[in-house]
Each structure stands twice: as C-alpha cells, then as structure tokens.
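Okay, thanks for having me, everyone.

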Amino acid sequence: MDTDKHDAYLTSVKIRILASLLSRLAGRSFQARFRAAANARLSGQQYGVLRSLSAHQSTLSDLSKGFALDPSTLVPVVDSLARRGLISRERDLDDRRRILLSLTDKGAKLVAKMPLYHEDDVLFQSLQEIGEEKTTSLLNLLREVIVTMPDGEHMVQAIETRLDLSRQGTAPSQMEHGCFPGEPGFHDDSTRREQRRELRSRMRQQFRKRNV
C-alpha cells in the first residue's frame, strides 16, 4: 500500500471511529431520556423494533433488512419483547410460511410515552451549536458516502421518504428504520447484555432437556 492509500485508509478508520462515538454518545442520552419518560428498561434495538412495528406489521426478515442487521441478531430482541407482551406473532393469512410481528396494546402505550423529538436531545443541541450551514454540509457528506455503499442508496431513499411523510404530518411515527440513536444498528452495552442473557437462557434450556 503506497503512502497516499495508507493515509486515505487511516482517514477512513478515523471516520469510522468518530461515527461510532457519535452513535454511542447520542444513544446514551436517547436511552436515558427514554427510560426517564417511559420508566421502562429497553435496549436500543428493542425500542427500534417497537418503533418500527408502531407503523405497521413486519416480518423478522423485513426488520433485519431495514436495519441492515443479520436476522439472528434480532431473534433475541424479538423473543424478549414477545415474552414481555409488547409484541405478538401471527401467521400471514396470505402466506402461512411468513410470521408477522405486531405491536400489542401494551407495546403501543409504551411507544406513545416516548416522543421522537425533544429539544434536550444531545445530538440536536450539538447540531444547533455548530450551526445550520455546517449541519447541512455534514448531512450532505454523510448521504454522499452512504449512497456509494452496497444497498446504501436504497436505504437513504427509504429513510428520506419516511422523513418527508413525517414532515408533512402524514406519518408522525413511521420513521421505523430512521437511524435514530439507540435504535437497531446501534450496539449499546444494554443490547449486548440482553443478547448474552438470551444465550445463557437457551443454553440452560438445552442442558435441562439433555438431562430429562
């Protein structure tokens, strides 16, 4: 690797680290505000799934595509929400092979307690601090980078469509895969702890079956 490519690669590493820090710091604030408002212990991924299902039913496969995650990553998230009575599963009447996930009344009430927009959001405040011109430049640059990635353009277009609908008041809660801090794609510590608990639970169940 020549010097120019090496420098460019190091720049990409710095950008990746900064993007991760942005998600982590904004996600902490988002989750703290959510827990204070809703008085509920939810990981970022769990809240993201609930927010998504508040717009419409979905399959696990569709959720994983929308969040750019492997389906296996969302399995423990969905299982946990189902056990808590926040979502339900049912077979698609048009295709019995598909399992549809829906928000329950309990889940809907929980989501309703947490507004998407709040002036205390640290990312919102930081962007206000740097000003509209820099914020717009940052947004355009991020968009330009993402659309060059595999499936990036499709995902950006889908997000922008939902944002437009929300701005028009047509779908105030339908930004289901909208890259909000703490939602799926943001691997916070609470999410990892939840996944480890799910794995230990499954291992214990398998152990009990072997010893029956």
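Let me start with a question: is aspartate 62 buried, partly exposed or exposed? At 35% relative accessibility, aspartate 62 counts as partly exposed. On that scale, buried is under 20% relative accessible area, exposed is over 50%, and partly exposed is in between, with a 1.4 Å probe and protein chains only as cover.

Quick housekeeping. This is a predicted model, so local features need pLDDT of at least 70 and side-chain atom pairs count only at pLDDT 80 or more, while totals for chains, interfaces and linings use all residues. Residues are numbered from 1 along each chain as its sequence is written, and side-chain values use heavy atoms, with hydrogens and water left out.

Now, salt bridges: here that's a side-chain nitrogen of Lys or Arg within 4 Å of a carboxyl oxygen of Asp or Glu. Searching the whole structure turns up 2 of them. One joins the side chains of arginine 98 and aspartate 62, at 3.6 Å, N to O. That pair links distant parts of the chain, 36 residues apart: arginine 98 sits in strand 2 (residues 95–103) and aspartate 62 in helix 3 (residues 60–66). Helices (H or I, at least four residues) and strands (E, at least two) are DSSP runs, numbered from the N terminus. Arginine 98 is also partly exposed, at 31% relative accessible area.

Then there's aspartate 79 with arginine 89, where the closest N and O atoms are 2.4 Å apart. Aspartate 79 is in helix 4 and arginine 89 in strand 1 (residues 87–92), 10 residues apart. Arginine 89 comes out partly exposed, with 44% relative accessible area.

Staying with helix 4 (residues 71–83): its 13 residues should span 18 Å at 1.5 Å a residue, and the end C-alpha atoms are 18 Å apart, so that agrees. The expected span is 1.5 Å times one less than the number of residues. Buried residues in helix 4 include Leu74, Val77, Val78 and Leu81. Just after helix 4, glycine 85 takes a positive phi of about 75°.

Last, a surface patch. Leu138, Leu142, Val145, Ile146 and Met149 make a nonpolar one of about 420 Å². Patch residues have over 30% relative accessible area and no salt bridge; like charges are joined within 9 Å, nonpolar side chains (Val, Leu, Ile, Met, Phe, Trp, Tyr) within 5 Å. Areas are Shrake-Rupley with a 1.4 Å probe, and for residues only the protein chains shown count as cover. Leucine 138, in helix 7 (residues 132–147), is partly exposed at 37%.
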